Amino acid sequence: MRGFWRKSGLVLVGAAIQGFGMGVFLFPHSIPSGGAGGLAVLINYWFGLNIGFSLWLVNFLMLTLAIRYLGNRSTAWTIASITITSLSIYAFQHFIDVPQRNVLIDLGLGSIFLGIGVGLLLREGVSNGGVGVIALIISNSRNTLPGKSLFLINGSIFILTASIIAWEIILQALLSQYISTIIVDLLGRVNPNQSYSVTWRKK
């Protein structure tokens, strides 16, 4: 039982930190945190839906497709993490106002917080959702590693988002992915006994 509450607490903290980075720093500039983030930005742009809810909706739809690959327990933890992340994005965007913004500073800070949040989730063996679950389905059906599929899906979404909103988003999204991945790897080295499955991919 203590292990459950410890894991629950770390999932709560990790998802909230991830939501803080996305909601306060990345999404105000329409910088997608990944493929699912890019789709959420587009839904917000086209339909005016809150970006936190849009992100939850995208992730939930992807999870319904991937539940047979993740299993019931993993799916439940992932739903919990994406729900907390989405609620955090909504809350932080409504209660935190940054009067003067600089896109490079916000990109750096947002990516660092994103990496910390994702890293904490991965250390607990919890997926943060995203298009990684779709890439996993493709890789299983073709008996290949999901990296190429993940790159192609994310890249396509980045290009689509950039073509509709602003082309510089592609470079910003790639830089954000690079910075956050470094942070995730640094957190992984803190706990060398933790091994990640290909299931746990970034958004």
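Which residue forms a salt bridge with Glu 124? I started my notebook with that one.

**Ground rules.** I'm looking at a predicted model, where local features need pLDDT of at least 70, side-chain atom pairs count only at pLDDT 80 or more, and totals for chains, interfaces and linings use all residues. Residues are numbered from 1 along each chain as its sequence is written, and side-chain values use heavy atoms, with hydrogens and water left out.

**Entry 1: salt bridges.** The partner of Glu 124 is Arg 6, with the closest N and O atoms 3.3 Å apart. Glu 124 sits in the loop between H5 and helix H6 (132–142) and Arg 6 in helix H1, so the pair ties together parts that are 118 residues apart in sequence. I used this rule: a side-chain nitrogen of Lys or Arg within 4 Å of a carboxyl oxygen of Asp or Glu. The count by that rule is two salt bridges. I also found Asp 106 paired with Arg 101, at 2.7 Å from N to O.

Next I looked up how covered these residues are. My cut-offs are buried for under 20% relative accessible area, exposed for over 50%, and partly exposed in between (1.4 Å probe, protein chains only). Glu 124 is buried at 14%, while Arg 6 is exposed at 51%. Asp 106 is buried at 4%, and Arg 101 is partly exposed at 35%.

**Entry 2: the whole chain.** I counted eight helices and zero strands. Helices and strands here are DSSP runs numbered from the N terminus (helices are H or I with at least four residues, strands are E with at least two). Of the 203 residues in the chain, 46% are buried. I took a contact to mean heavy atoms within 4.5 Å. Among contacts with a separation of 6 or more, 77% are between residues 24 or more positions apart.

**Entry 3: helix H8.** How many residues does helix H8 have? It has 22 (residues 169–190), and its end C-alpha atoms are 32 Å apart, which agrees with the 32 Å it should span at 1.5 Å a residue. The expected span is 1.5 Å times one less than the number of residues. I noted the buried residues of H8, among them Ile 169, Gln 172, Ala 173, Ser 176 and Ile 183. Down the axis of H8, the buried residues fall within an arc of 140°, so they line one face of the helix. The arc is that of the directions from the helix axis to the C-beta atoms. An α-helix has 3.6 residues a turn, so residues three or four places apart point the same way. On the other side of H8, I found Leu 171, Tyr 178 and Arg 189 exposed.

**Entry 4: helix H4.** H4 (residues 72–95) has 24 residues and reaches 34 Å from its first C-alpha to its last. Its buried residues include Trp 77, Ile 82 and Ile 89. Their cover includes helix H1 (2–26), helix H3 (51–70) and H5.

**Entry 5: a nonpolar patch.** Which residues form a nonpolar patch on the surface? I found Tyr 45, Trp 46, Phe 47, Leu 49, Phe 53 and Leu 160, with about 660 Å² of accessible area together. Patches take residues with over 30% relative accessible area and no salt bridge, joining like charges within 9 Å and nonpolar side chains (Val, Leu, Ile, Met, Phe, Trp, Tyr) within 5 Å. Areas come from the Shrake-Rupley method with a 1.4 Å probe, and for residues only the protein chains shown count as cover. Helix H2 (residues 35–47) gives the largest share, three residues. Phe 47 is in H2 and is exposed at 62% relative accessibility.
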